[in-house]
Amino acid sequence: MSTASTNQTGAPDQDRRKAPAGERVADWADGRLGIYTLAKANMRKIFPDHWSFMLGEVCLYSFLIIILTGVYLTLFFHPSMNEVVYHGSYVPMQGMRMSEAYKSTLDISFDVRGGLLIRQIHHWAALVFIAGMIVHMMRVFFTGAFRKPREVNWLFGFLLMVLGIFTGFTGYSLPDDLLSGTGVRIADGLILSVPIVGTYISMFLFGGEFPGTDFVSMFYSIHILLLPGIMLGLVVAHLILVIYHKHTQFPGPGRTNKNVVGMPLMPVYMAKAGGFFFLVFGLIAALSAIATINPVWVLGPYRSDQVSTNAQPDWYLGMSEGLIRAMPGWEINLWGHTLVLGVFIPLALFGVVLGAIAMYPFIESWVTGDKREHHLLDRPRNAPTRTAFGVAWITAYMVGLVGGGNDLWATHFHLSLNAITWFVRIGFFVGPVLAFIVTKRICLGLQRRDREKVLHGRESGIIKRLPHGEFVEIHEPLSQEQLHTLTSHNQPQPLELEPVVDENGVQRKAGTMQKLRVKLSKGFYGEGSQIPKPTAEEFQEITSGHGHH
Ligand code: HEM
Ligand code: HEM
């Protein structure tokens, strides 16, 4: 229906000059918020396409799902350790004494409409969120996306991961059932093992001797306000930086350090992202509807004189738990104080591992001396030392995880607990070294294969018999696009020790750090760490004339 009409007096019609409704709303909003310039600058922003770039989105969407479901839970959860008697609908616990926190978690699970589903979605989304972050971090690591200028964004991401782990832990502790109480007890043990300040921190957190009467309410504020608040700010900063730096892209024809090839934010990327949000939500909801997670009614309320069997932390803390389980129970007594090395060393090691992850971009650029900007990603095989290092790290993590579930491995596979402990003790040191060597060899093998492919073409699988009886396989030459992708990477040279005598004839001694740097740099780029890619001359010589060999 048209809105145009003339009025009785023949005066120009107001309606005719009226813009469409959408434009008027946009005008109204622009006059007050100035969104036009912002939108103009960003709506057509180009995003490159690769499945691995969806991992950051998985983090984002699961974070949103956690917040949405978390808000629902706050409506019914009572963060109090006051003792009450249970009279809800779960019959086996009728008349039992328990904290209000535990009672309200049972109520959420059995009496609140949709409560159990929302609890399960919250918990499953938390597991997916942290898994998503770690896999996203691996993508960024293995492709070298953390290099200049994205080091600060790596740090923002790293903080998000650490805060996510802490938020998960505080959430896990809220229901105050036997499992979460056992987890908190382990955390208290870790805190107490820290020399000098440990006792004070523990007293502060628990309002006196463990478990005290305060920690649920304190953890609650930390869990629903403090940490998610900081994380929300960090996520926004993280995404602003992604837009500011523009996204990296894999090398390919037409892609350079100075452009981005892909689809515009509006409408293509937005439509994709919207759909993907519902996919992630749907999958997590389906998982939560069919797979029980943290059935708090099984173990009963927390009592500090009881420990549940089968106690497992959520998966992301499995490694630190494994290190504690595998560590010998060493203790030193000094001047009337006990230093519990059996607990303190794993705690310190966890801290060192986290610190190394945070600092990695800076360490790598110091070792390699690479201070250039990088907007094109590395194919993992073309950075064998970094790739091998990442796989070694994952191996150490996995071995620790086996240690964290040693009881489950023992019961499910009929293994001795001691054998598993020794496997973890040895595997934690030997596994990463083996993984490093094997991965590096695989990367070099793949580089050799790329070189072969460039020089001799792709094996076609077609066998030809020559007149004199010899069989040869036809090799098909690669397309220009493939040739470009396989040869466009840089092959930097390792750093050299500076001359001992400089141009003025002054003697200089290379410092230990300098020597270490050169050594590490050789490890990265030296002989045995990269297969020279074919030169243009080699390519010309081999490809001129024949299509097989
Ligand atoms: C709440 C957690 C996180 C969210 C919501 C998030 C979200 C995102 C999104 C949507 C992108 C762009 C798409 C992509 O490359 O996947 C991105 C890129 C990036 N993220 Fe995250 N991320 C999170 C955690 C992390 C972590 C743990 C790290 C590393 C320690 C990290 C480092 C980076 C870096 C360096 C980029 C730029 C990559 C590039 O341009 O290729 N992020 N992030
Ligand atoms: C990264 C952020 C978060 C993570 C990783 C996380 C994780 C968890 C986990 C694992 C639990 C235990 C669930 C259970 O099995 O009972 C939990 C409980 C809870 N969370 Fe969160 N959460 C996060 C953010 C939030 C936010 C933003 C809110 C509120 C606005 C919230 C509110 C709650 C409440 C009220 C509980 C206790 C209820 C219950 O345990 O059923 N959470 N959280």
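**The two ligand shells**

I began with ligand 2, whose shell divides by class into 14 nonpolar, eleven polar and one charged residues. For this I counted Ala, Val, Leu, Ile, Met, Phe, Trp, Tyr, Cys and Pro as nonpolar, Asp, Glu, Lys and Arg as charged, and the others, Gly among them, as polar. There are 26 residues around ligand 2, and Gly-70, Leu-73, Ala-126, Gly-171 and Asn-294 come nearest. A residue is near a molecule here if its C-beta atom, placed from the backbone, lies within 6 Å of it. I then listed the elements that give two or more residues to this shell: helix 3, helix 4 (100-110), helix 5, helix 6 and helix 9. Helix 3 gives the most, with six residues. Helices (H or I, at least four residues) and strands (E, at least two) are DSSP runs, numbered from the N terminus.

Next came ligand 1, with 25 residues around it; Gly-56, Cys-59, Ala-145, Gly-157 and Thr-248 come nearest. Two or more residues each come from helix 3 (55-74), helix 5 (115-142), helix 6 (151-173) and helix 9 (215-245). By class I noted 16 nonpolar, seven polar and two charged residues in the shell around ligand 1.

**A note on the model**

I reminded myself that this is a predicted model, in which local features need pLDDT of at least 70, side-chain atom pairs count only at pLDDT 80 or more, and totals for chains, interfaces and linings use all residues. Residues are numbered from 1 along each chain as its sequence is written, while chains are lettered from A and ligands numbered from 1 in the order in which they are written. The mean pLDDT (the predictor's confidence in each residue, from 0 to 100) is 89 for the protein, and 95% of its residues reach 70 or more. Over residues 1-11 the pLDDT is below 50, and this stretch has nine contacts in the model beyond near neighbours in sequence. Two residues are in contact if their C-beta atoms, placed from the backbone, lie within 7 Å. I also wrote down ipTM 0.95 and pTM 0.90.

**Cores**

Which residues have the most contacts inside the largest nonpolar core? I found Ala-125, Phe-129, Met-133, Val-216 and Ile-284, in a core of 52 residues. Helix 5 gives the most to this core, with 13 residues. A nonpolar core is a set of buried Ala, Val, Leu, Ile, Met, Phe, Trp, Tyr and Cys residues joined through C-beta atoms within 7 Å. Buried means that 20 or more other C-beta atoms lie within 10 Å of the residue's own, exposed means 12 or fewer, and partly exposed is in between, with C-beta atoms placed from the backbone.

Ile-284 touches Ser-62, Ile-65, Ile-121, Trp-124, Ala-125 and Val-128, not counting residues up to four places away in sequence. Apart from this core lies another, of 21 residues, among them Val-391, Ala-392, Val-402 and Val-424.

I followed Val-402, which lies in helix 13 (residues 384-404). Val-402 counts as buried because it has 21 C-beta neighbours inside 10 Å. Gly-322 is 80 residues from Val-402 in sequence, yet the two are 6.7 Å apart in space, C-alpha to C-alpha.

**A hairpin in the open**

Is strand 8 (residues 471-476) enclosed or in the open? The number of its six residues that are buried is zero, so strand 8 lies largely in the open. Strand 7 (residues 458-465) pairs with strand 8 in the antiparallel sense over five bridges; pairing takes at least two DSSP bridges. Between the strands of this hairpin are five residues, and Gly-469 takes a positive phi near 100°.

Most residues other than glycine have a negative phi, and most peptide bonds are trans. I found a cis bond from Lys-148 to Pro-149, with omega near 10°, and Pro-149 sits in the loop between helix 5 and helix 6. Another cis peptide bond joins Phe-210 and Pro-211, with omega about -5°. Ile-196 has a positive phi near 65°, and with 7 C-beta neighbours inside 10 Å it counts as exposed.
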